[in-house]
Amino acid sequence: MILEAVFLDRDGVLNPHIPGDYLYSADKLVVLPGVAHAVRRLNEAALPVIVISNQQGVGKGLMTMDDLLAIERRMGEALAHEANAHLDRCYYSTELARHNSPRRKPGPGMLLEAAQDFGLTLAHTVFAGDAPTDIQAGHAAGVGKTILLLSGGTAAFAQGDFLPAPDLIFPDLPHMVDFLLETRA
């Protein structure tokens, strides 16, 4: 598989998913086990690691943009401290779901924006997330593979659960990275 970049959802992929709630504060951030080393392996393979995340807690007034950026900084510090890893960029949609913004997943807007910013061919990328909206956004943008990770909001998957269905399913980010690096052209 030709691979130019890896797109990742944040909550449920890099840090725990909080059912029905939001990560409001940087001091509450916890990185999921194995994530920092998995990200480092992508960094070492010269693959940009780009976060694509809906964060409507900002739009709801539950947190500020400064809070969101503090969480991003804390994530960067945690990845660097644990494994000398880094994220190349984070894209956020802070709009409310009811506004139907094309940037907000399941829309493809953030993926299209990132592809333009990084000069990527979307067919040579993957997008991994833990929710139907991640898979829908990946398909809408035309990424090469959509990947469901069972480390977050979706703990199990059966055929027919998602429309469209993910192309690949892994228990977590480390298992996905193993596969991508083994099959990369």
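Colleague: How many cavities of 30 Å³ or more does the count come to?

Modeller: Please bear in mind that this is a predicted model. A cavity is a set of points where a 1.4 Å probe fits but cannot get out. For a volume of 30 Å³ or more, the count comes to 1 cavity.

Colleague: Which element gives the largest share of the lining of the largest cavity?

Modeller: The largest cavity has a volume of about 50 Å³, and its lining includes Arg-10, Ile-71, Glu-72, Met-75 and Tyr-92. By class, the lining residues are 7 nonpolar, no polar and 2 charged. The largest share, 3 residues, comes from α3.

Colleague: What volume does the largest pocket have?

Modeller: The lining of the largest pocket comprises 24 residues, and Asp-11, His-17, Asn-54, Arg-104 and Thr-133 lie nearest its centre. By class, this lining has 7 nonpolar, 10 polar and 7 charged residues. At least two lining residues are supplied by each of β2 (49–54) and α5 (132–141). The volume of the largest pocket is about 530 Å³.

Colleague: Why are α1 and α3 described as roughly perpendicular to each other?

Modeller: Two packed helices are described by the angle between their axes and the distance between the axes. The axes of α1 (residues 35–44) and α3 (residues 65–83) come within 9 Å and cross at roughly 85°. Because angles of 65 to 115 degrees count as such, α1 and α3 are roughly perpendicular.

Colleague: Which residues of α3 do Val-35, Ala-36, His-37 and Arg-40 in α1 meet?

Modeller: By class, the contact of α1 with α3 has 4 nonpolar, 1 polar and 2 charged residues. On the α1 side stand Val-35, Ala-36, His-37 and Arg-40. Their partners in α3 are Leu-79, Glu-82 and Ala-83.

Colleague: Which are the edge strands of the sheet?

Modeller: The open sheet is formed by 6 strands with parallel pairing, in the order β3-β2-β1-β4-β5-β6. An edge strand pairs on one side only. The edge strands are therefore β3 and β6 (168–170).

Colleague: What angle does the direction of α5 make with that of β5?

Modeller: Helix α5 packs on the sheet, where it touches β4 (125–129) and β5 (145–149). The direction of α5 makes an angle with that of β5 of about 175°.

Terms used. Residues are numbered from 1 along each chain as its sequence is written. This is a predicted model: local features need pLDDT of at least 70, side-chain atom pairs count only at pLDDT 80 or more; totals for chains, interfaces and linings use all residues. Side-chain values use heavy atoms; hydrogens and water are left out. On a 1 Å grid over the protein atoms alone, a cavity is a set of points where a 1.4 Å probe fits but cannot get out, and a pocket is an open set with protein on both sides within 12 Å along at least five of seven lines; lining residues have an atom within 4 Å of a point. Grid points are joined across faces, edges and corners, and a volume is the space filled by probe spheres set on the points. Helices (H or I, at least four residues) and strands (E, at least two) are DSSP runs, numbered from the N terminus. Ala, Val, Leu, Ile, Met, Phe, Trp, Tyr, Cys and Pro count as nonpolar, Asp, Glu, Lys and Arg as charged, and the others, Gly among them, as polar. Axes are lines fitted to C-alpha atoms, for helices over the stretch in contact, and angles run from 0 to 180 degrees between N-to-C directions. Angles under 35 degrees count as roughly parallel, over 145 as roughly antiparallel, 65 to 115 as roughly perpendicular and the rest as oblique. Contact means heavy atoms within 4.5 Å. Two strands pair if DSSP finds at least two bridges between them.
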